[in-house]
Amino acid sequence: MMKVIVDTNVPLVANGRAEQASEDCVEACIDELMKITEGDVKLVLDDQRRIIEEYRNKLNPGGFPGVGDAFLKWAEINWANPQQCDLVSITPIDDSETDFQEFPTDPALTDFDPDDRKFIAVALAHAEKPPILQAVDSAWWNFRDALRQNGVTIDFICEDDIRSMLSQ
């Protein structure tokens, strides 16, 4: 079964909360989340709920009104269900919740957003190195080559939208 990590902007876009996202992008994000919630794709999370907490900070944990909110509710219900989710341990450096031993020490990634490092650490901590689904966060686009060189696959669901944003 395919496994993925979902960056927070995917459910945000699925909720229609990203004005830079095209309608096709919103639909693509909804489709990707539905594959997970319907059991066709397994979600990968950290075992300390850092990713879920980030989702909670940006989405409605009650599960309404959007598809992204429903995804959060599903993740909270299923996070410890091994049929639906794989959990991995990541190791914070010192008391930091933004820097992890699993994050590459590559100088090309020094400026990578500290709040997003947990997603990279989870990808690298998992035995299968699952891809990270990404919607319209152009900052990730700028690091795609360095991430790839460090064994991280980013699946840009809305590549056309990102290319359009960066060409303006």
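## Salt bridges

A salt bridge is a side-chain nitrogen of Lys or Arg within 4 Å of a carboxyl oxygen of Asp or Glu. Arg-148 and Asp-145 are joined in this way, at 3.1 Å from N to O. This is a predicted model, in which local features need pLDDT of at least 70 and side-chain atom pairs count only at pLDDT 80 or more, while totals for chains, interfaces and linings use all residues. Residues are numbered from 1 along each chain as its sequence is written, and side-chain values use heavy atoms, with hydrogens and water left out.

The structure holds 12 salt bridges. One of them joins Lys-118 to Glu-54, with the closest N and O atoms 2.6 Å apart. This pair links distant parts of the chain, since Lys-118 is in helix α5 (residues 117-125) and Glu-54 is in helix α3 (residues 50-58), 64 residues apart. Helices (H or I, at least four residues) and strands (E, at least two) are DSSP runs, numbered from the N terminus. Lys-118 is buried, with a relative accessible area of 8%, and Glu-54 is buried too, at 11%. Buried means under 20% relative accessible area, exposed over 50%, and partly exposed in between (1.4 Å probe, protein chains only).

## Bridges within helices

Arg-148 and Asp-145 both lie in helix α7 (residues 144-149), 3 residues apart, or about one turn of the helix. Arg-148 is exposed, with a relative accessible area of 53%, whereas Asp-145 is partly exposed, at 39%.

Helix α8 (residues 159-167) holds Arg-163 and Glu-159, which are 4 residues apart, about one helical turn. These two form a salt bridge with their closest N and O atoms 2.8 Å apart. Arg-163 is partly exposed, with a relative accessible area of 45%, and Glu-159 is partly exposed at 30%. Elsewhere, a network of salt bridges links Lys-3, Lys-42, Asp-86 and Glu-128.

## Aromatic pairs

The structure holds 7 aromatic pairs. Rings of Phe, Tyr and Trp (its six-membered ring) pair if their centres lie within 6.5 Å; planes under 30 degrees apart count as stacked, over 60 as edge-to-face and the rest as tilted. The rings of Phe-112 and Trp-140 have centres 5.1 Å apart and planes at 80 degrees, so this pair is edge-to-face. Phe-112 lies in the loop between β3 (85-88) and α5, and Trp-140 in helix α6 (residues 138-142), so the pair ties together parts that are 28 residues apart in sequence. Phe-112 and Trp-140 are buried.

Trp-141 and Phe-156 also form an edge-to-face pair, 4.9 Å centre to centre with 70 degrees between the planes. Trp-141 lies in helix α6 and Phe-156 in strand β5 (residues 154-156), so parts 15 residues apart in sequence are tied together. Both residues of the pair, Trp-141 and Phe-156, are buried. One aromatic cluster is formed by Phe-103, Phe-112, Phe-119, Trp-140 and Phe-143.

Asp-161 lies in helix α8. Asp-161 is buried yet has no salt bridge, and the nearest side chain of opposite charge, Arg-163, is 10 Å away. Here Lys and Arg count as positive and Asp and Glu as negative; His and the chain ends are not counted.

The side chain of Asp-161 reaches the backbone nitrogen of Ser-22 at 2.5 Å. Asp-161 touches Gln-20, Ala-21, Ser-22, Cys-25 and Val-136, not counting residues up to four places away in sequence; contact means heavy atoms within 4.5 Å.

How values were computed: A polar contact is a pair of N or O atoms within 3.5 Å; within protein, one must be able to donate a hydrogen and the other to accept it, and residues adjacent in sequence count only if both atoms are side-chain atoms.
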